[in-house]
Amino acid sequence: MKILLTGASGLVGHAAMQAALARGHEVLAVGRERRPVPPIAAAAGKKALTVQCDLADDGALDRLAFDYYPDVIINAAAVSNQAAAAAQPELAEKLNVALPRRLAQIAHHLSARLLHLSTDFVFDGSHGPYRSTDVPMPRNLYGQLKLMAEKEVLRFGSDFVVVLRITVVNGNSPMGTRGIHEKLFHTWAAGKTATLFTDEIRQPVSVLNVADVLTELAERPNLHGIFHWAGPDLLSRYEMGAAFLKHFNLPENLITPALAANTPDADQRPRKLELILPPLLGKLRAIPTPFIEQLDELSVPAACQAWYEKNRLTGSSPAAPKRLVQGKDF
């Protein structure tokens, strides 16, 4: 199968690229403008092409897609959190709405399938858990743009589009800066304590698990529409941080608890986002990875390794992986 993958230099995109290659698919991996696509360690016989492209340039995107003629398009490119979307609303609109709309149009013309990543932030967190059929009510610009994208891609062909809503993603990124734990490590290495909220509850999901789900969905043309995928555990950001410290054998005083309800943008921050995973759960071979097992997938960012060796407590180091500052999103 030929897969065109956008966002290949990001956290989810890179993992999805590796998962697709491992299953024997051919991948055209597209990185965002002026951002390098990381090297691919493809198994012998697996084919991958890496390119850079301004994803806001419809002409460049069209040429790539029509020259490659994919069977499946996976869209993992986005401005991926509320802080970034608020800081660059024009770029966020281009990547989070205009890009998926154009990819849906391309998929329609090529008779290809489109797998589009969305977010639990389309819900306001005031009640739940949320089914895929519940009416979204986003609290902030990021959620609003992602909801607009869902409507756009489904408008061009709900029978060949999958919208996969996921939650906060846990894992190692290509550059060691995008994962939840990686951002915390860089905060600590800079000599800062991370203040983490105790009143924002999410279902952290393994990036490797999401990548497996995307690959399996690419292989399942009978599945289409809106689906939810998340980890099985409900945790606050503070609880996640505490688990990282314990796993990596680091001092407990590197994190401080706080309430998101006391922040100036409290009205834009959903408190509890819990997703109901059926009907997708049970239709796939993949199952959600428990948070305690997600920890075993994590590694210390290379840039923080010296700091880590100096500051970790005496005792055993965490097993090798198998495969914030207050007010900021992970």
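## Strands β5 and β6

Thr119 stands opposite Ile166, a residue of strand β6. The model described here is predicted. Strand β5 covers residues 113-119 and strand β6 covers residues 161-166. The two run parallel and are joined by six bridges.

## The sheet

Strands β5 and β6 belong to an open sheet of seven strands with parallel pairing. The order across the sheet is β3-β2-β1-β4-β5-β6-β11. Strands of a sheet pair through backbone hydrogen bonds, and the pairing can be parallel or antiparallel.

Which strands form the edges? They are β3, residues 48-52, and β11, residues 225-228, each of which pairs on one side only. From one strand to the next, the twist averages 20°.

## A helix across the sheet

Helix α4 is made of residues 89-110. This helix lies across three strands of the sheet: β1 (2-6), β4 (72-75) and β5. Relative to β4, helix α4 runs at about 175°.

## Helices α6 and α8

Helix α6 spans residues 180-189, and helix α8 spans residues 237-247. Their axes come within 11 Å and cross at roughly 75°. Angles of 65 to 115 degrees count as roughly perpendicular, so α6 and α8 are roughly perpendicular to each other.

On the α6 side, the contact is made by Ile180, His181, Leu184 and Trp188. On the α8 side, Met240, Gly241, Phe244 and Leu245 take part. How do the residues of this contact divide into nonpolar, polar and charged? Six are nonpolar, two are polar and none is charged.

Definitions and conventions. Residues are numbered from 1 along each chain as its sequence is written. This is a predicted model: local features need pLDDT of at least 70, side-chain atom pairs count only at pLDDT 80 or more; totals for chains, interfaces and linings use all residues. Side-chain values use heavy atoms; hydrogens and water are left out. Axes are lines fitted to C-alpha atoms, for helices over the stretch in contact, and angles run from 0 to 180 degrees between N-to-C directions. Helices (H or I, at least four residues) and strands (E, at least two) are DSSP runs, numbered from the N terminus. Angles under 35 degrees count as roughly parallel, over 145 as roughly antiparallel, 65 to 115 as roughly perpendicular and the rest as oblique. Contact means heavy atoms within 4.5 Å. Ala, Val, Leu, Ile, Met, Phe, Trp, Tyr, Cys and Pro count as nonpolar, Asp, Glu, Lys and Arg as charged, and the others, Gly among them, as polar. Two strands pair if DSSP finds at least two bridges between them.
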